[in-house]
Amino acid sequence: GAGRRCGHHGGSPGGNCMAPSSGLEPPTMMVMPATSPSFSSSGALPRNSFASSNAWTGDAQAQRPSGLGTGVKKQGTNDGNSLSLGKLARLRQRLINSRWYHSATANRLRTLFAGKTFALIMVVCLLLALFMPDTWVLAGVDSNVAIDLVLTLVMFVFTLELVLLSLVDAAYVVSFFQIMDVVGTLSMVFDISYMLGADATFAPLASNDDDAQKNLMLLRASRAAKIGARAGRLSRVLRILRFLPFLAGGVDERRTGIASMISGRLANLLATRVACLTIILVMVTPLFEILSFPQSDFSLQTWVDRISYDLEDGRVDDAVVELNLMEAFYSQYDYWPWAACAGHPVVRDGIEDFVCDSDGVDISGWQPGRSAPPRRASTLRVHTDTFMVAFNMHWTLQLKSGLGIATILFIIIIMIFSSLALSSVVTELAVRPLERMLGTVRQIAQTVFKFSAEVADTEDEQATIDSSNEMKLLEKVVQKLAIVADLQTAKNIQATADMRDEDLGILSMMQGANVVDERRATQQARKSLAVSVARKKALVPTVRLEDFGLSQDAFNSWLFNPLPLSKAQRISLAAFTLGRYHEAETFLSSQTDVQTLQRFLQAVERGYLPVPFHSFAHAVDVLHGVSRIMSLIGSENFLTELDQFVIHVSAIAHDLGHPGVNNGFLSEVGHELALQYNDRSPLENMHCAKLYTLVANQQMNIFAKLTKEEYKEARKNCIEVILHTDMILHGAMVKDLQMTYQMDQEVFKRMADAPLADGNNLAVAEVFSQPGTKMLVMETILHAADVSNPCKVWDTSHAWAMVCLEEFFAQGDQEKILGIPVQFLNDREKLNKPNSQVGFIEFMIAPLFVATIRLWPTLRELGDNLGNNLANWADLWEQEVSPSDEERKKVQERVEKVKSSLNEAASSRGARGGGDGG
């Protein structure tokens, strides 16, 4: 057979560098034992070939098409290594769509490959491919016939499997396993002597080339290739994993439960990944040693060179002495010289060989004391141009082969036990909790099935529990719960329009609720959801905005500022706002109603004390803010007219009687309000009480035309929204708004391009119409308007901030006089006004409007103004304080963070900006 040349300088004990020849007959002058085998060759050096592997590793679904063995026409998934795009995807798809792929023959082949018989055959072939070459060396067999026959058969089986798998498994095509199979199958040629394998009957020849370093590099590359090839063949060990009990993922899930099935498949999948990683590491690691200088035994070549020099100089006796010394030198090693002769190297058919001359120098004075190897391939012939010594390397090669077998066994054991360890981890971390959960499902199933049988009169459910897996049980549980819910809901009799009062009374007694009130509330809520409602023209007080120096554009924007207006102008503006917004017959349907509203507003104005901030001007400003916010968000789509009227009335009266100090001050000094309301929002409770003290007077009762039920609802909502202007509830409101957005995030994003003001966003309107959410919306509208001063244009915002701080300072002056702790924002001698506004906006106002704008992007203009005002306050702070660069940078980062949050909120639902909307 053809062979290949391999240079080697000095015959290392671990080296098997060989060059085949047609044969070497012992010359008459050659000294060797009588039992020495003859030298004849028909091959090259022994070869550790690359191994093959395929995707059929147990029942792991990641490596097997889901239709395996059943004829299901469905592609499986590869072991994470397959490409999914481009030509590869098209190639696999064409294979799947082919008629052959779904033929009976292909299905039978898939069933065959999944069977244990075929897997057992492949395991036997794998063991032969892995261990037979080394076993042949260990046994010292001096023949090629048996090993060539067996390995040829193994190569044929591997090739057949490779071809057939490529035809019946689309996931196998161009996968990691197919590539390994191709390389491994082709590498078998290096183990078969009549192809490119080593000939057990040929003694290899060590090179004596001058370029020893080059030869050593070639030797190291050859060794690395052998190690990698043998490690690559280990990929077929993955077949064995399917027989391990802890990786048997294909058991009957009806008997063992779906948790066990998942455990087996997951463990198999992880074991495969670990095995592949191990194989790749073993294959790649030796490649990094190719460029390193190998450790070699140069003594063999050195001895041969010395003896050759003696013979060339005619010193035969000295050569014999050197031979005896050489034999004594190697007596302590496991390899030794057993033959020597004079001759010359030759090249036959491109193969280097050494021929002993029959008439050469007589060195019969040296007789080797140790035997020849049992197989000729275990001889290493080291030579010069005129002399050759044959060394017995059999024990060294046996050691190398034994270590190779031990290495393979060690890797196999590591792969198996790593799989076992991973399986245990998966079982403890995932499968055990899953088993407990599914066990609970089984228990719930028994309870639910029993209960559903009682209410729906079903039968034969218990018999299916033990024969069904838990996932099917879970599906049945859900179905049964749906039946139970329908049946239980159906028991509640619904009130209808044709029921008499007695019938409704019975329903109220049965259900513990006022059915009449609920039905009326439902009808009113449905009315409020209508996009277009016919309204009578309201009797708006005859006043023009121009009469008090205010343009229509300013009134319909955030430029509005009531501070410069007179008392009469503010009252008229409040009447104009309430009258214009509420056009329903219920509220302002006659001149008497208008007069009642005027008297109410005049009384409200008198009820506000002359304090810097919480004055009637602030009330008018909040009323305008409420009206504007409701217009921009399209509140008519989810709030009834009564709800909207209540918010407007609450806005004008929400700070009625405010003394210019906060709740903390009242509690600190033990004010009668704090004592009366037990320190719980004393100011807000007082505002509500004063409001309803006013409307108790029929001359000012703006709720006079409401029914008793409507009045109760209006009073409840007024109190609720005014109480929620207490800043102590601010944080909770922000969290509730954030939760509202998160709970219905999909609805808000889906309706991003349908503004509520246009009446197109019915899904979002439905969310805001829910009772709990609607109350939050009403509270948010008033509270947002109450603290909206930082969201106005700069001139207006700055003016209100100065008024607010002046009220704080006035309280601080009182705290100093009373000798009680001065709240930080109230100390006019210590507080930096711009810096206080930066913190107030960042920590209090911005989070509220971020959450609000996220729900109603049409309020984006408020966020834009807020961001600009925050930047302006920061600039004023820099001008007054002249901070260091580090301090300035920190404040600028805070400003940018707030502005970024506001912009993100506005863009979260595709806001188009805050237009007029009304």
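**Aromatic rings and the charges over them**

Author: In this predicted model, R628 lies over the face of W558, at 5.4 Å from the ring centre.

Reader: What makes R110 count as a charge over the ring of Y101?

Author: R110 lies over the face of Y101 at 4.6 Å from the ring centre, and the cut-off for such a charge is within 6 Å of that centre, together with a position within 35 degrees of the ring normal.

Reader: How many aromatic pairs does a search of the whole structure find?

Author: The search finds 21 aromatic pairs.

Reader: Why is the pair of Y330 and F391 called edge-to-face?

Author: The ring centres of Y330 and F391 are 5.5 Å apart and their planes stand at 75°, so the pair is edge-to-face, given that centres must lie within 6.5 Å and planes over 60 degrees apart receive that name.

Reader: Which parts does the pair of Y330 and F391 tie together?

Author: Y330 belongs to the loop between α10 (316-329) and β1 (336-348), while F391 belongs to strand β4 (residues 387-392), so the pair ties together parts that are 61 residues apart in sequence. Both residues also belong to one aromatic cluster, formed by W303, F329, Y330, Y333, Y335 and F391.

Reader: How do you know whether Y330 is buried or exposed?

Author: Buried means under 20% relative accessible area, and Y330 has 0% relative accessibility, so Y330 counts as buried; F391, with a relative accessible area of 0%, is buried as well.

Reader: What makes F555 and F560 an edge-to-face pair?

Author: The ring centres of F555 and F560 are 6.1 Å apart with planes at 85°, so this pair is edge-to-face. F555 is buried at 3% relative accessible area, and F560 is buried at 1%.

Notes: Residues are numbered from 1 along each chain as its sequence is written. This is a predicted model: local features need pLDDT of at least 70, side-chain atom pairs count only at pLDDT 80 or more; totals for chains, interfaces and linings use all residues. Side-chain values use heavy atoms; hydrogens and water are left out. Rings of Phe, Tyr and Trp (its six-membered ring) pair if their centres lie within 6.5 Å; planes under 30 degrees apart count as stacked, over 60 as edge-to-face and the rest as tilted. Helices (H or I, at least four residues) and strands (E, at least two) are DSSP runs, numbered from the N terminus. Buried means under 20% relative accessible area, exposed over 50%, partly exposed in between (1.4 Å probe, protein chains only).
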